[in-house]
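Subject: Structure handover and notes

Hello,

Please find the structure below, followed by my notes on it. Could you read them alongside the model?

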Amino acid sequence: MIMKGAGKLAEVETSAGQAGPAAVTITHCPGIEKRLIKAITQDAVSTGPKFEPQGWGVCRIAPGEVLLVQDDAATVENIAPGYDSDSERLTVDATSAYQMVRVEGAMAGALLAKAATIDLDPAAFPTGAFAVCRFGIYRVGLRHLEEAVYDCLVDRSLVGDLVSYLMDLGREFEAREAIKR
Amino acid sequence: MLLIPCPVCGERPEDEFGFGGDATVQPPVTDSASGQAEVDIDGFADYLYLRENPKGRHTELWVHRYGCRRWLVVERDTVTHELYSSRLAAGEGGE
Amino acid sequence: MTGSARRIEGAGLHPGADEVRFQFDGRAYRGQAGDSLASALIANNVRVVARSFKYHRPRGITGIGPEEATGLLAIERATGDEPNTRATTVELYEGLSARGQNAWPSVNFDLSAWLNLASPLFPVGFYYKTFMAPAGAWMFYEHLIRRVAGLGTVPEAVDTEHYTSTHAHTDVLIAGGGAAGLSAALAAGRSGARVILVDENPWLGLGLLGEDARIDGERASDWAANAIAALSVMDNVRILTRTTVAGRYEHGFVILCEKVREAPAGRDDPSPRWRLWKVRAGRVVLATGAIERPLVFANNDRPGVMTASAAAGYLLRHGVLPGSRIVVATENDSGHAAGAHLAQAGAQVTVLDRRDTGTAIAAEAGATVEWSSGVLDIKGARGVRAARAATPKGERWLDCDLVAMAGGWSPALHLYAHTGGKPVWDEARGMFVPGVSEDGVICVGASNGSFDLADVLRQGHEAGLAGGSGATSPAPNVEGARSEKASAAFANLSDAGGKAFVDLQGDVTVADLSLAVREGYRSIEHVKRYTTLGMGTDQGKLGNVNGVRAIAEARGEDVSAIGTTRFRPPYVPLPMGAVAAHQSPDLRHPMRRTAAHDLHEEAGCVWLHAGAWLRPQFYRQGTETDLEAVNREVMAVRENVSIVDVSTLGKIEMAGPDCIEFLNRIYTNGWSTLKIGMGRYGIMLREDGMVFDDGVTMRLAEDHYVMSTTSGGAGAVYEWMTRLLETRWSDLRVVLTPVTEQWFAAALAGPKARDVLARVCDGLDVSNEGLPFMAGRVGTIAGIPARIFRISFSGELSYEINVPADRGAELWQALLEAGAPENMEPYGLESMGVLRLEKGHFVIGREAEGRTNPDDIGLGRMVSSKKWFIGKEALGLPEMTVPNRRQLVGVVPVDPSQRIPYSAHLVLPDRPDEIGGAQGWIASLAYSPTLGHDIALALLEGGHDRIGEALIASAPIAGKKTPVTVVAPHFYDHEGSRQIG
């Protein structure tokens, strides 16, 4: 913080956000494969800590419920939708159901702090963390992918609204919207 | 803006949740899948429309609508809002 | 009379700063960077800045911060004027333009000043005793009163300023950056805790300005500057200046309101003006200081009468000496401290102290001090000219241009009391102090009633460490602090003559409070509302404690028996823009869009908000009227083929060995015979037996189903079902997941639907035998993986085609192309409403409006007698079987060319104007192009037995009546042959 004043008391600068080239970019990324797996037994081992299918990011929503997000199309293992009566697991295709909006840049954390009520401090929400929470009026799955890169998963019917909302939040950082083809 | 401790997601503000009323109240008939159940008409009307309104501890249902969407049983003081406990409703022996 | 305020060279926090030009009431003035609007006006000897609320008396500046009660101005801004703004908290900027309020033509010469002369006609609560008759004239009186009352003018243009809000989490939130707050922040910051330190001023440590004591060996203000510098480089400490802690709530939730920018945004400046912070704090330290009270004497509201700490503050902060001949009226030592600063700057100061002895610091600085003395009255309506002094030697007028009042200190305990804590009256020291605090909240320093500097710093230090872990550090050491006697020998307020004001903003005098008590108002909450004491935008910061004292005297009781009114957030008025922040009109509520949204837009649809969804109401072609479009769409479905986007319907996938048992428990009908590949319609009841949702459930496999719900009920039905499974039936092996968003759905409907479907069904057998009514198949349509359900809401041959939503637009296009030979066009929600009405299909929310059971809406045959289901017991309650229940019927006009009015009730023909005796109402109404006249479904008492009866459909507010006939609740193809073939 910059100090002004003649040594008697000092004025502290305000917290106005810093803009700059690409301080934060908001990108809708369609078409990412996703699967939602829910087991009848809520603490089912099959969706517990050892469940790590190849090429998928595993986002734990609740006991016995995970959302798989395709991270590596080249090596991804096939996960077919349907009900398996042996494991009592229901797998549904969620590729269309949840849309991904990526928020990245130096001001990504500051922008998301406007939307999310959860503690986004690196100690509380480190890289690799995932949480389903409320952004304004939307239910969002938030993934902390890497330093200054976050993915927001939202209902498909609301993705346009969410992007508008995030752009409005990012106005003071001169947020950019990018479209991923 | 109360902070409700969700056993799955951690402490979250109350506007992530829906409120489900008294958790200790059960319908006064057995949920039997077959045939008629014995019904106490007055008891059933009370079950539908009457609830205690305690000044103090209340055991109640919340659903984490903007989070894991699980149903929780929470003990809260209705005057001080102190939260004593929170657990998933689908624990051992739900009914 | 002009005052003689002047700027003292080298004094204040911003000596020699750049000049800033501003305007007030159209006149140009100059101030300095760092000035508040108030300090700049005072420096320019602008004494009258406002007119009071009721009596239009000239008013000046009374305080120096948010406690300001009188210096309320309108600030003109291109983005939207800001009325009722405290001049004391506006930071001066180049080009600022301010206006006086509540006066015409100006605050200096106000024609409404006659109200002051007529004031005996307007005692407290006068509007409860006048304007009573004749009753009809109230609307006339109100119009007049509104024009005279109030202060500022509400701007009418839309506010285009930029606002934002954000969240933060912290271990410690410290409200107040004075001595106690800085001490707490140092301790907490050095211990490694996450700290947010908040102060409403642009500078921290203002209370230490001019303090002679030494802290840790340094001058107090140097200690403060070094503390701020140290805190500024700690990564775990965030300092927010120009930020008010607006409210404190349960579980450490605190709202802050930060002024990011005072001046208008420059071109290309993306910064917001205000930022609302929603903070969750592990613990809260309240170091909010104390507010100095005015004294109560006749005409204590004149311009040039201000609090002593404000008078000294304008000198110490801004280098502005607010007067040259100053009378300090005091009841404690701090008035002398203020007088000493003013005398040292060159003013001629006389201190009148009600006590008979006290500190010598004012006398040592050259002030004249008279003990056992006080001020009785003021001369100078447009600015103080003289004060009437009462001394042991008698009364006399003292020439002066400023009267500084030191009426004692009131700890600012609002944030303490926001969660319901009760302040306690300390009789010895004459102030309310915080009572018992909840866990995690600590009041320190002056806000806790402590004024000794060593105590203040130590309390702050301990509070900064309390409840935390991590490194500790020693408390600051103090030398040479003046022992502050905050005690006072209170005068009787009721001794004050003339207009002695208690609440300056509401124009409430001591006489008003006495009158209220004489009229029988006892409780402070009643007196407050009757007199408007403390109800202005200053929320009684200066006046409430004096008000409590006046009421206590009038009632002949102790102050502790009166108590305070309930404190509620916010501590200061908040800009509505900051509270609304990003909920702009466009983003006010969620707007769900289907995958074919853009295609509907391109096709010229008229949009409808249906719950959270945007849906096409109809598609206008050329210059069609609304009705022409809808009629065309309806006939296309009845005679040809058409498609409608039904993606919004709720879909829930269900799996597990106990699904049939679960379906049997939640629907009224039986499910045990449902075959794989078939669907069944069900109605769902609440536990009180009322119908609340309906839909078709398809069996995809042995243990795998997909259930449909209404569009509006999707979320509620899912939550209801999970509630049952998790809280009552956890032994049932069923798993549910909502899939509404995964699928795009279009219904292809009409006699030619099968022809069109056959062109895109990729070899799937869609003959009547291959895909019979109520069957479901999985396959591909136009190359897209699909689920096809042969169900019908319109009553025609109909197929609901579901594809993954990412390919929904593709499907919509493919279907339109496949239907080109039939000139197929889409239809919308309005037409769907006409089609279902012709079939007599009820709709949740209209016919099933929460008070109808299955029998009421003609679905008694769907209620199984062979099994239990939710709502079964309630159907046996006595009220459920009385004969005059409102039951579903159809209604048609007697004369088919007549329209049935909207919102009509059904009344008897021999008593057509007796709405009170209405028999029922119209639930749904439309013109049926298929039949050529209006049709309606209605809920009519005992309707099942009144088919054929003649009634009147009456809409009295619209002044319309139509004779109607009660008919069976279906108008078209009741046997359902068209959907089954």
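Domain bounds here come from an automatic or database domain assignment. This is a predicted model, in which local features need pLDDT of at least 70 and side-chain atom pairs count only at pLDDT 80 or more, while totals for chains, interfaces and linings use all residues. Residues are numbered from 1 along each chain as its sequence is written, and chains are lettered from A and ligands numbered from 1 in the order in which they are written.

Domains of chains C and A

Chain C is split into domain 1 (161–292 + 408–488 + 564–583), domain 2 (293–407), domain 3 (493–562), domain 4 (597–648 + 742–835), domain 5 (650–741) and domain 6 (882–980). Between the C-alpha centres of domain 1 of chain C and domain 4 of chain C there are 62 Å.

Chain A has domain 1 (25–31 + 97–179) and domain 2 (34–93). The centres of these two domains of chain A, taken over C-alpha atoms, are 23 Å apart. Two residues are in contact if their C-beta atoms, placed from the backbone, lie within 7 Å. By that rule, 5 residues of domain 1 of chain A touch 5 residues of domain 2 of chain A. On the domain 1 side, strand S8 (130–135) and strand S9 (138–146) of chain A each supply at least two residues. Helices (H or I, at least four residues) and strands (E, at least two) are DSSP runs, numbered from the N terminus.

Contact between chains A and C

This contact takes 51 residues from chain A and 52 residues from chain C. On the side of chain A, the elements giving two or more residues are strand S2 (34–39), strand S6 (89–93), helix H1 (108–115) and helix H2 (159–169). H2(A) gives the most, with 6 residues. The chain A side divides into 23 nonpolar, 13 polar and 15 charged residues; Ala, Val, Leu, Ile, Met, Phe, Trp, Tyr, Cys and Pro count as nonpolar, Asp, Glu, Lys and Arg as charged, and the others, Gly among them, as polar.

Chain B

Chain B has 1 helix and 6 strands, in the order β-β-β-α-β-β-β from the N terminus. Of its 95 residues, 25% are buried. A residue is buried if 20 or more other C-beta atoms lie within 10 Å of its own, exposed if 12 or fewer, and partly exposed in between, with C-beta atoms placed from the backbone.

Strands in chain C

Two strands pair if DSSP finds at least two bridges between them. An open, antiparallel sheet of 3 strands has the order S12-S11-S31 (chain C). Strand S12 (218–219) and strand S31 (478–479) of chain C are at the edges with a single partner strand each, so one side of each has no neighbour in the sheet. Strand S11 (residues 214–215) of chain C is joined to S31(C) by 2 bridges, and C:Ile215 has C:Val478 as its bridge partner there.

Strand S36 (residues 642–645) of chain C is covered on both faces, with C:Ser642 and C:Val644 buried on one side and C:Ile643 and C:Asp645 buried on the other. S36(C) runs antiparallel to strand S42 (residues 743–749) of chain C, with 4 bridges, and pairs in the parallel sense with strand S46 (residues 825–826) of chain C over 2 bridges. The partner of C:Ser642 is C:Ala749 in S42(C), and C:Glu825 stands opposite C:Ser642 in S46(C).

Regards
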